[in-house]
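User: I would like to learn how to read strands and a ligand site in a model. Can you take me through them step by step?

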Amino acid sequence: MKSHAQVVVIGGGVVGCSVLYHLAKFGWQEPVLIERSELTSGSTWHAAGGMHTLNGDTNVAQLQQYTIDLYREIEEVSGQSCGLHVTGGVMLAGTDERMDFLRQMRAKDRYMGLESELISVEEAAELFPLMDPAHFKGALYEQTAGHVDPSGVTHAYAKAAREKGATVYRHTMVNELTQAPDGTWHVVTDKGTIQAEHVVNAAGLWARELGRMAGLELPVQAMEHMYLLTGDMPEVAAYNERTGKEVIHATDFEGEIYMRQERGGMLMGTYERAGKPWQTESTPWDFDTELLPPDLDRIAPSLEVGFAHFPAFERAGIKQVINGPFTFSPDGNPLVGPVRGLTNYWCACAVMAGFSQGGGVGLALANWMTHGDPGFDVWGMDVARFGDWARPQYTTAKVRENYSRRFSITYPNEELPAGRPLRTTPIHDRLAARNAVWGASYGLEVANYFAPAGEEPFETPTFRRSNAFGPVGEECRAVRNSVGLFETSLFAKYEVSGPEAAAWLDGLLANRIPRAGRMTLAPMLKPDGGIMGDFTLANLGGDRFLIVGSGAAEDYHMRWFLRHKPAGVTVTAHGQRWTGLALAGPQAREVLAQVTQSDVGAEAFRFLDIRHMDVGMVPALVGRISFTGELGYEIYCRPDFQAALFDTLMAAGEPYGIRLFGGRALNSLRLEKSFGSWASEYRPIYGPEAAGMRPFVKLDKGAFVGRDCARDERTNGPRYRLISLAVDATDADASGDEPIWDGENVVGWVTSGGYGHTAQQSIALGYVQAAVADSKRTDGFGVEILGERRPARRLLEPLVDPTGARMRA
Ligand SMILES: Cc1cc2nc3c(=O)[nH]c(=O)nc-3n(C[C@H](O)[C@H](O)[C@H](O)COP(=O)(O)OP(=O)(O)OC[C@H]3O[C@@H](n4cnc5c(N)ncnc54)[C@H](O)[C@@H]3O)c2cc1C
């Protein structure tokens, strides 16, 4: 066994072998893979091998397409067959709502360039004659669906990697992982120790245990999963004979089942409602190429629907049932990337659809390890989207929920209940008493809106306007006309301090460092010029700075800060050690003035000023800024003061008709102002010029990360530009990922949308081809909402307060 390696990949399932192949392809020096048994002996060997491009996250969907396209390449390099069957597939809808869902998927596929087509029940029955058409309304036909041989694929990756210089050690168990002071990893196995510069956790069913060897608690949990094989079916033989082809794949959402041909019969798998977690504490090390006892009772409800919808299955009878475990993260997408605070430790775990996603995961991780960047927008599968708050029991609760909803519709406004409430702020009960309708972000309970008194605080999940429409409208009007109060505790708050802090921030952020007592908007770029963060930066004086950013990206941004900061700078994520409230609206100053002895007059406390002041009895940090576009203040304090701060502001605001508002209203208000937000308009795949951030990118200020690329983007012009559209919508607004049409051409996609309650206008923000944006033409656009092309008008300026006078008042 080697004593040194540039990289050791731990785990020889489909994912580890894909990572190994990509690293070898990218020129890593003799990469090593260690597998404790045979390749595929974890969850890979018994998989059904199905593949498709379906994923709620469009970026992950694109990586699934890459995975499927990769099979031909690895067959060629390795000479090993992947057993590739690209049959095509149908997703069958049994309800009108499901048809809406399919229309949305088709719309997304359209701008991503994925091949799919909405078809009628009759057309679906022609393609998949085992179905009883009476149960269905229509279908989406997907060209690239099919299946592979799991063992063939894994060995093809491994062989192709060996061809490019990789080494695979089988029957070698990693027992310990320790990091030496020089940052190298000691991979201690039962056959010796390898000192490696980098390690990759691709340990699948044991990813959690391997994580623990490095002191990590990764949010990953295995579920039992069953599929059954039928005996030979005359219907299948007849289809094969008639068409000369295999029966295509089919998914029946109502039955939570998927099907494909397997020899002369069919394979039917279920994501049953009563899904069962497997080994919630730790995965036994002696589990090896094993199956679990079948439990037909558990999947009986799905089978009942399946047999009714596909009667031939019942006639054929069940020949064999396979039950095996495989892993999920809390939201069902993989956990990929570097781990905050651990040098050269990489994750490629929780890949629940290894044959759709394994290639994309391997590519993204190898890019990241080689170039310092995944090369795609991988936020949807970045390990950093979960913080250390995602502990095992939370993970199990969420994974269970996710498994049981694998084929369920998740509506854009839907909040899923499992594992909640977990993190709450001190004013949680006060907001609950005012009928807050809760959502969760980064594990924290946040008020989406406040339901009218006497009404159940629950928002009906829907693709259309929900029961929140009325109350959210009132919240928005209160903010525009008088004053509203919003909880900002979710916002990430980083304190940066030390004598070198200013110089470091100046080289990290694209805008100039503000003077003491001032704030500014400060994009953070990657070396390739992509947007890494959109922050508010405040200079607190005395070498102390505050950065406020997206709460959901706290781990993501901390990982970046820690990687780039010099020893003389301290960065602290305050998280919930700083809670916050925001006052916004034309009366906000009056309200604040009632409760502070500081001078908050328009001259004394200007737009973008920040200072410490007592608000009532509460020591607070107050910044004059608001994401609503109104005169407003963000007020931060320690959590033990938050309830007092809340009571103080509510009492002072009472004469002004103060109203609580939640995240839904904030979204509506910022859309009216055409303000972009993190993870929607601002993502690493967009540059600041494309995103309209030019005023905050100071190319002439001296060197900063991404400056050269930002300059190139400005000089040469971006490919796409962010625009705002007023959409002629009736009962459904855009929510993100809808195609934007210009005449008969799709020219872009929506990044976020909703109803602007005070402008009384449906609004969408999105990226369109730069030539289209540059033309400044306003008419002839369309946004495809639920399969219907709605006319849209380009907005050349925000609908509300285009000069920004209100927030500067
Ligand atoms: C019944 C069933 C049907 C499925 N059907 C499909 C399907 O149709 N399509 C699809 O895409 N996916 C399917 N899957 C899921 C698929 O199996 C997984 O996505 C895939 O196997 C994940 O691969 P992996 O490499 O991450 O994990 P694993 O296959 O579990 O591989 C991890 C490897 O790491 C090794 N390892 C762990 N710890 C150590 C250590 N300390 N030292 C050395 N080696 C170690 C293990 O021995 C193992 O071989 C199915 C799963 C099941 C159970």
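User: Which strands close into a barrel, and in what order?

Analyst: Strands of a sheet pair through backbone hydrogen bonds, either parallel or antiparallel. In this predicted model, 6 strands close into a barrel in the order β33-β36-β35-β34-β37-β38, with antiparallel pairing. Neighbouring strands of this sheet are turned by 45° against each other on average, direction ignored.

User: How many bridges join β37 and β38?

Analyst: Strand β37 covers residues 781-785 and strand β38 residues 788-795; 5 bridges join them in the antiparallel sense. Take Gly-782 as an example: its bridge partner in β38 is Pro-791.

User: Now β12. Which strands does it pair with?

Analyst: Begin with β17. β12 pairs with β17 over 10 bridges, antiparallel. Strand β15 (residues 265-270) is joined to β12 by 4 bridges, again antiparallel.

User: Which residues stand opposite Ala-222?

Analyst: In β17, Thr-327 stands opposite Ala-222. In β16, Trp-278 does. For Tyr-227, the bridge partner in β15 is Gly-269.

User: Are the faces of β12 buried or exposed?

Analyst: In a regular strand the side chains alternate between the two faces of the sheet. So read the faces by taking every second residue. On one side of β12 are Gln-221, Met-223, His-225, Tyr-227 and Leu-229, all buried. On the other are Ala-222, Glu-224, Met-226, Leu-228 and Thr-230, also buried. The count for β12 is 10 of 10 residues buried. Here, buried means under 20% relative accessible area.

User: Which elements supply the shell around the ligand?

Analyst: β12 (221-230) is one of them. α1 (14-25), β17 (318-328) and α10 (354-371) also supply at least two residues each.

User: Which residues come nearest, and what is the shell made of?

Analyst: The ligand has 39 residues around it; Glu-35, Arg-36, Thr-44, Gly-50 and Val-351 come nearest. By class, the shell has 21 nonpolar, 16 polar and 2 charged residues.

User: How much of the ligand's accessible area does the protein cover?

Analyst: On its own, the ligand has 1,000 Å² of accessible area; the protein covers 98% of it.

Definitions and conventions:
Residues are numbered from 1 along each chain as its sequence is written. This is a predicted model: local features need pLDDT of at least 70, side-chain atom pairs count only at pLDDT 80 or more; totals for chains, interfaces and linings use all residues. Side-chain values use heavy atoms; hydrogens and water are left out. A residue is near a molecule or strand if one of its heavy atoms lies within 4 Å of it. Accessible areas come from the Shrake-Rupley method with a 1.4 Å probe; for residues, only the protein chains shown count as cover. Ala, Val, Leu, Ile, Met, Phe, Trp, Tyr, Cys and Pro count as nonpolar, Asp, Glu, Lys and Arg as charged, and the others, Gly among them, as polar. Buried means under 20% relative accessible area, exposed over 50%, partly exposed in between (1.4 Å probe, protein chains only). Two strands pair if DSSP finds at least two bridges between them. Axes are lines fitted to C-alpha atoms, for helices over the stretch in contact, and angles run from 0 to 180 degrees between N-to-C directions.
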